[in-house]
Amino acid sequence: MSRVLVLNCGSSSVKYRLYDGDEVRDNGTVERIGEPGGGPADHETAVRQILAGLDLTGLAAVGHRVVHGGTRFGEPVRIDEAVLAAIRDLVPLAPLHNPPNLAGIEVARQALPGVPQVAVFDTAFHRTMPEAAAMYAVERDTAKRYGIRRYGFHGTSHAYVSRRTAELLGRPYDELNTITLHLGNGASACAVAGGRSVATSMGMSPLEGLVMGTRSGDLDPAVIFHLRREGGLSVDEIDDLLNHRSGLLGLAGANDMREVLARRAAGDEAAALAFDVYCRRITSYVGAYYALLGRVDAITFTAGVGEHAAPVRESALAGLDRLGIAVDPARNAGKGDRVISPDGAEVTVCVVATDEEREIARAARQVAEAA
């Protein structure tokens, strides 16, 4: 049973997990990296501290989460100098995420020179989307020159959850059509046909799509021009507004769905509206992906909000009975991986805990063993 270390370097944190086969031997998170009075000064220091504290005897591979793989990477790959250069070239498309991903890779390669290093890309699962799903209606030469297209994100989560849904239902993965809803502080929907992503809500960046904790999601592009011309906001100020001061935070003053639900229950009108906007956006994507798939076998909620906020699950799917979609209140109130739709429902509604690190470990092990 091979041992695999997973390093998930975020913009201000590093999450790690050491597997011995399927068993987790060690795990943790280093947070507040680079923050005054916070954690380590930078990601390099954080990763060195993590490696120093682990027993890495018999390590078969290190799996690295890399947010953006562009159009080049549709599968996990063993990291060499050419792969590193390609990830660096993609930094303009993921300026907050690819640099810390690179930092983790470089430290691990130095510390563990004989161990295969494997990059697992958030965007890779969505490389199976047809061009009609990936292309924006922007002048073609301009789009090609600047890499403007839909890439999609949360790929490791959507891959794991759609596969886990098939296991939960005892159905062949390559025969199941699923809509997966990854609802955390970041949120995205994905239409999965027989194990292949055919549509997803995030686009060139993680800003597009569903309403999120601090991100606006779908927006008329003219809003940006209006804010620049009429409000005098700079490009950086607009970027900050849409990525860090919008979504639930902008509508309700809180980016945590638990707080929004508590305020809503207490009669806060802003929180109630934020909840409705959030759920209505999910409903619209479920309907759109139902039409694209033609047949939907399952809808699965995952991530922090998706796994724990029963009112969101109920409201997001309310009124879809004619599509064979319904939620059983008693099952919805339960816990763990489970079916929450009534017996005999045409579309099975599930809740599945995501495990992106386990998906990364699985992919890293496969690449290392194939080498």
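**View 1. A nonpolar surface patch.** Leu-219, Val-223, Ile-224 and Phe-225 make up a nonpolar patch on the surface, and their accessible area together is about 300 Å². The model is predicted: local features need pLDDT of at least 70, side-chain atom pairs count only at pLDDT 80 or more, and totals for chains, interfaces and linings use all residues. Residues are numbered from 1 along each chain as its sequence is written, and side-chain values use heavy atoms, with hydrogens and water left out. Patch residues have over 30% relative accessible area and no salt bridge; nonpolar side chains (Val, Leu, Ile, Met, Phe, Trp, Tyr) are joined within 5 Å, like charges within 9 Å. A salt bridge puts a side-chain nitrogen of Lys or Arg within 4 Å of a carboxyl oxygen of Asp or Glu. Areas are Shrake-Rupley values with a 1.4 Å probe, and for residues only the protein chains shown count as cover. Val-223 sits in helix H7 (residues 222-229). Helices (H or I, at least four residues) and strands (E, at least two) are DSSP runs numbered from the N terminus. Val-223 counts as partly exposed because its relative accessibility is 31% (buried is under 20%, exposed over 50%, partly exposed in between; 1.4 Å probe, protein chains only).

**View 2. The second largest pocket.** Its volume is about 430 Å³. Of its 22 lining residues, Gly-74, Glu-75, Pro-76, Phe-125 and Arg-362 are the closest to the centre. Strand E6 (117-121), helix H6 (155-169), strand E9 (196-200) and helix H15 (356-370) each give two or more residues to the lining. H15 supplies the largest share, 5 residues. By class, the lining has 9 nonpolar, 7 polar and 6 charged residues. (On a 1 Å grid over the protein atoms alone, a pocket is an open set of points with protein on both sides within 12 Å along at least five of seven lines; in a cavity a 1.4 Å probe fits but cannot get out; lining residues have an atom within 4 Å of a point.)

View 3. The structure holds 1 cavity of 30 Å³ or more.

**View 4. Positive phi at Arg-32 and Ala-303.** Arg-32 is not a glycine, yet its phi is positive, about 55 degrees. Arg-32 lies in the loop between strand E3 (23-30) and helix H1 (43-52). Ala-303, in helix H12 (residues 303-308), has a positive phi of about 75 degrees. Ala-303 counts as buried because its relative accessibility is 7%.

How values were computed:
Grid points are joined across faces, edges and corners, and a volume is the space filled by probe spheres set on the points. Ala, Val, Leu, Ile, Met, Phe, Trp, Tyr, Cys and Pro count as nonpolar, Asp, Glu, Lys and Arg as charged, and the others, Gly among them, as polar.
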